[in-house]
Structure formats: structure tokens, C-alpha cells
Amino acid sequence: MTVETIATQPFQDQKPGTSGLRKKVKVFQRPHYLENFVQAIFDTQRDREDSPLVVGGDGRYYNRQAIQTILRIAAANGCTRVLLGQGGIFSTPAVSHLIRKHEARGGIILSASHNPGGPEEDFGIKFNTPNGGPAPEKVTEAIYTATLHISRYHLLDSPDIDLDKLGATFVGDMRVDIVDPVSDYADLMEQLFDFDQIRALFKSGFRMRFDAMHAVTGPYAREILENRLGAPAGTVVNGIPLEDFGHGHPDPNLVYAKELADYLFGPDAPDFGAASDGDGDRNMVLGRHFFVTPSDSLAVILANAKLVPGYRSRLTGVARSMPTSQAVDRVAAKFGLPCYETPTGWKFFGNLLDADRITLCGEESFGTGSDHVREKDGLWAVLFWLNVLAARRQSVAEIVREHWRLYGRNYYTRHDYEAVDSKAADGLVNALRAKTTELPGQRLGSYTVDYADDFRYLDPIDDSVSDKQGIRIGFKDGSRIVYRLSGTGTEGATLRVYIEAYEPDPARHDLDTQQALAELIGVANSLAGIRERTGRDAPTVIT
Ligand code: VG1
Ligand code: CO
């Protein structure tokens with residue numbers, strides 16, 4: 001076996017977005033495309049070079065081929081050891097855990113998360129640093145810069161390995177340990193949550209459904225919920241990871257997890273329902289006839305953390321991404337805990353977690369997590385809820401309603417306009433940015449603007465600055481409108497509009513969300529000129 005050095009030319013489009021490099025599979029299949037990006041990782045990430053590299057993905061189409069290529073490049077670049085999930089499978093939080101457990105040099109995760117999979121669909125790759133978390137901006141910038149100057153990559157001329165056979169194998173001199181992707185992660189969950197209490201809950205007849213959406217969490221959920229916690233067989237549905245996610249869109253929300261939502265709102269609804277996304281880092285949580293918004297979920301998790309062994313008496317603070325509703329802020333204030341507001345994307349929580357400034361964090365986009373790993377974690381959130389339900393023995397609806405009575409309700413919605421013309425989307429955001437200076441003090445309908453800006457984040461740990469993170473318009477009564485463009489889409493632009501209003505009065509806690517927010521939604525549409533600029537009459541997805 002020989003190391004070949006292959007001449008290549010830069011691609012101009014390898015700038016990682018919110019969560020790594022995401023493109024159509026067809027783009028990744030172009031000669032040298034994946035190779036260039038992987039070589040750029042090895043050319044720039046030289047910490048702990050003698051430690052293992054963790055590699056795995058969500059099982060989508062092209063996962064297996066990409067892994068063989070990555071192994072050849074890793075071996076040719078002097079990597080000594082790789083930890084690989086059996087079948088090329090690892091959920092994103094499981095990779096994060098293994099990096100930390102083995103003090104690895106980092107990880108390469110192959111996923112386009114909630115985007116569909118298949119030959120015509122999406123693929124993605126991202127590098128996680130030795131702390132287990134997604135690379136911070138300075139690292140992704142370094143990798144991107146390397147892709148712009150690359151002229152060669154190294155490849156070991158070696159045969160494919162069998163990805164399914166557990167145990168050690170070699171690619172040249174590089175040792176590859178193929179491990180069960182589930183067991184270490186399941187053990188970690190057992191350390192954090194009261195499994196005995198949850199087992200007793202299932203014994204008492206509590207029923208749930210977990211929809212793995214044909215994506216990576218199936219094997220994890222089966223092992224944890226059915227094998228270790230005693231939930232009846234069949235609790236986990238769509239539990240076998242498929243390359244095309246069964247033609248589905250593995251995005252756990254009311255639109256794409258409709259089957260689950262219909263079941264939870266139907267006549268035979270169980271007590272609890274949950275789903276996760278392609279790579280296992282997101283979660284949706286439902287009670288019988290009740291949907292929990294992710295923003296509320298984060299607030300309820302914080303409010304009930306004392307019921308969960310792994311968190312009982314060790315909360316240092318919380319953080320939420322900027323567009324996430326301010327529900328958690330109210331709980332933090334009551335507990336006297338600091339609450340940080342970060343830009344969208346899990347990488348921005350990393351420094352706060354590493355410095356122990358925060359214990360829990362979350363995003364409105366169905367992402368919740370803690371300092372147990374450095375990624376958001378879908379099953380972790382589901383287990384947190386199960387632990388709370390087992391300790392309180394109330395329904396999901398009762399718990400959330402009681403939470404609103406105590407703290408008030410933050411009505412919240414997100415409107416997504418997908419595959420919008422990129423120029424139109426940029427124009428819309430630029431026009432809003434230009435308006436921000438004149439908005440404060442203005443009346444828009446019955447709302448008065450308090451502040452308006454394009455969010456700029458100063459990281460309190462390393463003083464790095466991230467600007468242009470989204471237009472925020474705050475009103476005097478605490479309501480907000482946020483506009484930002486997605487950094488994970490692969491077709492045109494996706495405009496996201498986030499609308500939030502605070503309602504302290506319990507008599508007004510049972511309104512329909514879109515109705516409760518109707519006036520503010522109108523304000524958001526007309527202020528940005530969404531129809532005029534994008535030609536769209538209605539959002540593609542309303543959450
Ligand atoms: C979206 C979400 C963001 C999340 C990101 C990655 O980004 O809004 O909150 O962190 O996806 O999620 P954007 O830029 O499209 O709004 V995922 O599950 O990659 O892992
Ligand atoms: Co994901």
C-alpha cells in the first residue's frame with residue numbers, strides 16, 4: 001500500500017454553514033470534492049495528533065463511501081487510530097461523548113441532520129474539536145481558507161474495509177476500532193437520569209411512542225427505552241436507519257413528524273410522544289393532545305432540574321440562542337442564574353459549557369442539551385422529560401400549564417420561507433438592517449419598538465465577535481420579531497421569521513398560537529415586505 005499525493009484544485013464553495021458543510025450528494029460526488037475538504041481538516045487541525053479520531057455518520061446515502069475515503073486520507077496523513085461506529089453509524093451526541101471519553105483529537109461527523117437523504121438529496125460533513133463540540137468559527141474559517149488554497153491531498157491506496165464487523169482492523173498502519181455505537185452513550189444516560197424511577201413509570205402502564213424517523217436514533221432508542229427502561233416492544237417506531245430515511249424528511253416538527261403528531265392528537269393517544277432528527281441531536285416532545293414548543297421545553301427542563309439526579313444541585317447558568325423564546329430567561333431569573341443569549345448554532349455554547357458558566361442550553365429549533373456532551377442531544381431531552389414525568393406523575397399538559405401559571409406564557413412561532421431567491425432574501429435582510437436605526441420609538445400597530453439591531457455576539461470567554469447574526473426587533477411589552485437567513489439549506493435561501501409575545505394572564509393561556517400572535521405576524525410581514533420581495537403569500541413551514 002502506498003501513499004499517493006494527488007494534485008487537485010480548490011473549490012470555491014466549501015465554506016461551512018451553521019453546522020458544517022452541507023451540499024447535495026451530487027456535489028460531494030464530484031471528483032476531489034470530499035477529499036479536498038477532508039485534507040483541509042488534516043492540514044489545519046493538528047492538536048493531539050497521537051490520539052484517536054472518532055468517525056461516523058447518520059447512515060444517510062453516501063455515508064459508507066465517504067467513510068472509506070476519509071479512512072484512506074486519514075491513514076495517508078499519519079493518523080494512528082480511528083474509532084468508527086459499526087456500519088458507519090454514530091449519532092452526533094454519541095460522537096461528542098466518545099471524543100470526550102477517549103480524549104480524542106476530534107471527530108468527523110457525516111450528516112446533513114434534518115435534511116432529506118438519498119442520491120438526489122443532501123450530504124454533509126463537519127469537524128468536532130477535542131472538547132467534543134462543533135468547531136468554533138475560527139476553526140471553520142481555517143478549514144475553509146485551506147480549501148481555497150489546496151493543491152494536493154494524500155490518499156493511501158488501500159482496499160475498502162468491512163464497516164460492519166466489530167473489532168480492530170487496519171488501514172495501512174492506522175488502527176480502526178469498529179465499536180458498538182450505542183453502548184457508551186446508553187451508559188452515559190444511565191448516569192444522568194433515574195432509570196429506576198422511569199422503569200417504574202413504564203411498569204405502571206405509562207405509554208409512549210418514539211419516532212426515530214428511519215434515522216440514526218432508532219438503535220439508541222431501542223436499547224435505552226425498550227431494553228434498559230422496559231418500555232413495551234414497539235414503543236420505538238421507524239427504528240431502522242435507512243439511507244433515504246424512508247423518503248422522509250427527518251426533521252422532528254409538526255409538519256415532518258405528522259404521523260406521530262396525528263397519533264398524539266388522536267383518540268388512542270398515548271401519554272407521551274417524541275421524535276428525533278437525522279443525526280439524533282434534535283427532539284420533539286408531545287403529551288397527549290399537547291405539543292411542547294422547544295422554547296418552553298427548555299424552560300420546563302430548567303424549572304424541573306432538581307428532580308433529575310445528574311443536575312439536582314449543580315446548575316451554574318443557562319443559555320439560549322437569540323431567536324429562542326425568552327421563556328427560559330424567566331426561570332433563570334427566579335433561580336438567580338445567569339442566562340446567556342448566543343447566536344444560532346450549537347458551536348456558540350461550547351465556550352460557555354467548557355468554562356462551566358452554563359449547565360443547560362437550547363435552541364428554538366428542537367435542540368436541547370447540557371454539559372454532558374458538547375452537542376444538542378435528542379434522546380437526552382426525551383429522557384429528561386421522562387424523568388420529570390416519572391417524578392411528578394402528572395401529564396405533560398398539566399406540567400406545562402402549571403409552568404405557564406407560574407411564569408407566564410411566551411407565545412412563540414417560527415415561519416420559514418424555504419428556497420427563496422437568494423438575492424431577494426439578501427435584499428430583504430439588508431433593507432431591514434438599514435431600517436434598524438430609525439425603528440426605536442416607532443409604533444407598529446399596537447406595538448412600540450423598544451430596540452432594533454442586527455445581533456452581534458461578544459463571546460464572554462474568548463472575546464471573539466460574531467456579527468450579522470439576525471435582525472432583532474424588541475417591543476416595549478417584551479414581544480419580539482427576529483429575522484435571519486438559514487445557514488443549513490442547500491437550495492436558494494431560507495428566510496426564518498421568529499415571533500414571540502409574552503402573556504402573563506392565565507385566562508389567556510389557551511389561545512391558538514397563530515391567533516394569539518396574529519397582529520405581530522402581520523407587523524413582521526409588512527415591515528419586511530415579505531410578499532413584495534419574495535413573491536410568497538405564506539410560509540413554507542409554520543412551527
Ligand atoms: C438550523 C437551526 C439551528 C441549528 C442548526 C443545526 O440552522 O435553526 O438552530 O443549530 O439548524 O441543526 P439554520 O441556520 O438553518 O437556521 V442540526 O440538527 O444540524 O444539527
Ligand atoms: Co441534527
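In the predicted model, Phe37, Ala40, Ile41 and Thr44 of helix H2 are in contact with Ala142, Ile143, Ala146 and Thr147 of helix H5. Classified by residue type, this contact of H2 with H5 comprises six nonpolar and two polar residues, with no charged residues. Helix H2 spans residues 33-44 and helix H5 spans residues 137-149; their axes lie 8 Å apart and pack at an angle of about 120°. H2 is therefore oblique to H5, and the crossing of the two helices is right-handed.

A further helix pair is formed by H6 (residues 183-192) and H8 (residues 217-228), the axes of which come within 10 Å and cross at roughly 50°. This angle makes H6 and H8 oblique to each other, and their crossing is right-handed. On the H6 side, the contact is made by Ser183, Tyr185, Ala186, Asp187, Met189 and Glu190, and on the H8 side by Tyr220, Glu223, Ile224 and Arg228. By class, the contact of H6 with H8 contains five nonpolar, one polar and four charged residues.

Helix H5 also contributes to a pocket. Two or more lining residues are given by each of H5, strand S2 (21-24), helix H15 (422-435), strand S25 (480-485) and strand S26 (493-503). In the lining of the second largest pocket, 15 residues are polar, eleven are charged and eight are nonpolar.

Terms used:
Residues numbered from 1 in each chain as written. Chains lettered and ligands numbered in written order. Predicted model: local features only at pLDDT ≥ 70, side-chain atom pairs only at ≥ 80, totals over all residues. Heavy atoms only, no water. Axes fitted to C-alpha atoms, helices over the stretch in contact; angles between N-to-C directions. Helix = DSSP H or I, 4+ residues; strand = E, 2+ residues; numbered from the N terminus. Parallel < 35°, antiparallel > 145°, perpendicular 65-115°, else oblique. Left-handed = near helix turned anticlockwise from the far one by under 90°. Contact = heavy atoms within 4.5 Å. Nonpolar A, V, L, I, M, F, W, Y, C, P; charged D, E, K, R; others polar.
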